[in-house]
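I opened this structure to work through a few local questions. My entries follow in the order I looked things up.

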Amino acid sequence: MTATLVDRVLANDQAGIARMLTRIERRDEGVDKELAQLHEHTGRAHVVGITGPPGSGKSTLVSAMALEYRRQGRTVGILAVDPSSAYSGGAILGDHIRMNALAGNPDVYIRSLATRGALGGLSRAVVDGLSVLDAAGKDVILLETVGVGQVEVDIMGVAHSTVVVSIPGAGDAIQAIKAGLLEVADVHVVNKADAPGADRTVSELRDMLRLSRRKAFQWNVPVQKTSATKHEGIAELIAELDKHLGWMHEHGELEQHARRISTTRVRWAAEEVALRDLRPGKPDFDAAVEQVAHRRTDPLTAARQLLGVDTAGNPPQTSPIPKEGTS
Ligand SMILES: Nc1nc2c(ncn2[C@@H]2O[C@H](COP(=O)(O)OP(=O)(O)OP(=O)(O)O)[C@@H](O)[C@H]2O)c(=O)[nH]1
Ligand SMILES: [Mg+2]
């Protein structure tokens, strides 16, 4: 008997994981059933988001972190999110080449994730992709996104801990603010600390964090200097991330986080279930379209009839991942 794709993912089979992620990107038929089977095997991994301006050294940092986690005996999955590949159809080649230095190590799985504009789109592919790596038993999943644009900031909402990477130089800390990244950081990193000006950027960031200082009992956002190329500050960064996860656990934040993501996932699934048979070619649907086109009924009434909903309800809408504090 051949193993199912779900079995292969659960056995941490590299080719199985790759195939499952491709199915997620394309939203292949049946992928939801596979994801449903994986669900009970998830919830173990620490998901760490890494974001920051282009070229700040995120991929290099992620590679260095992966090596350090491995040194500590922890398994790692890496997802690099590249919304622009939605247009080019390809993955970030540069990242692949750099990251493949690690690829010989079977405990580090590396993958760039791209997707076409499906329902829920990229955020959904990321959430599902994380589940796959989680179910495969990765201890830590590093999620790299370029810190530009709202989509990337939203995607960071799926991470338990978010690292915002800045680099030394006048005004770079300000750039993080402009990109809306100051608030999403659980840990700030000033990377390229081997270059001049790192200490100044660290104190700029600390000043800004003090100004935005939040309520008591909140996580105290640290600022960590790293040199990803020289592997300096990496163990310290990981220690901060472990501390953050512990803090999340102690303060019930992990449970909150799981609830926020689950809210979005149930809504996505509900939309999909509801819309499955609502498309041209399905007799009931075509009949309803005729009725509406000839003004014999209105779109809302037709939709309610098709869904078997008589009472007042809101029409389906695409749900973004709710951000912290808005749920
Ligand atoms: N001096 C120095 N250079 C670094 C360091 N980390 C990364 N770099 C260099 O910075 C450049 C960009 O690094 P990447 O890791 O590709 O940066 P990135 O943020 O992933 O870039 P994008 O994914 O394109 O946004 C490369 O040439 C790296 O070698 C560091 O700590 N010190
Ligand atoms: Mg990169």
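This is a predicted model: local features need pLDDT of at least 70, side-chain atom pairs count only at pLDDT 80 or more; totals for chains, interfaces and linings use all residues.

I counted 15 other C-beta atoms within 10 Å of Val 289. Buried needs 20 or more and exposed needs 12 or fewer, so Val 289 is partly exposed. I placed Val 289 in helix α13, residues 283-293.

Next I looked up ligand 1. I found 15 residues around it, and the closest are Pro 54, Gly 57, Lys 58, Ser 59 and Thr 60. I sorted this shell into 8 polar, 4 nonpolar and 3 charged residues. Helix α4, residues 58-71, supplies the largest share of the shell, with 3 residues.

I stayed with α4 and asked how it packs on helix α11, residues 234-250. Their axes come within 9 Å and cross at roughly 75°. That angle falls in the 65 to 115 range, so I noted α4 and α11 as roughly perpendicular. On the α4 side I listed Ala 64, Met 65, Glu 68 and Tyr 69. They meet Ile 234, Ala 235, Leu 237 and Ile 238 in α11. I classed the residues of this contact as 7 nonpolar, 1 charged and no polar.

Met 65 came up again in the largest nonpolar core, which has 68 residues. Met 65, Ile 78, Val 126, Leu 142 and Leu 143 touch the most other members. Helix α7, residues 121-135, gives the most to this core, with 8 residues.

Definitions and conventions:
Residues are numbered from 1 along each chain as its sequence is written. Chains are lettered from A and ligands numbered from 1 in the order in which they are written. A nonpolar core is a set of buried Ala, Val, Leu, Ile, Met, Phe, Trp, Tyr and Cys residues joined through C-beta atoms within 7 Å. Helices (H or I, at least four residues) and strands (E, at least two) are DSSP runs, numbered from the N terminus. A residue is near a molecule or strand if its C-beta atom, placed from the backbone, lies within 6 Å of it. Ala, Val, Leu, Ile, Met, Phe, Trp, Tyr, Cys and Pro count as nonpolar, Asp, Glu, Lys and Arg as charged, and the others, Gly among them, as polar. Axes are lines fitted to C-alpha atoms, for helices over the stretch in contact, and angles run from 0 to 180 degrees between N-to-C directions. Angles under 35 degrees count as roughly parallel, over 145 as roughly antiparallel, 65 to 115 as roughly perpendicular and the rest as oblique. Two residues are in contact if their C-beta atoms, placed from the backbone, lie within 7 Å.
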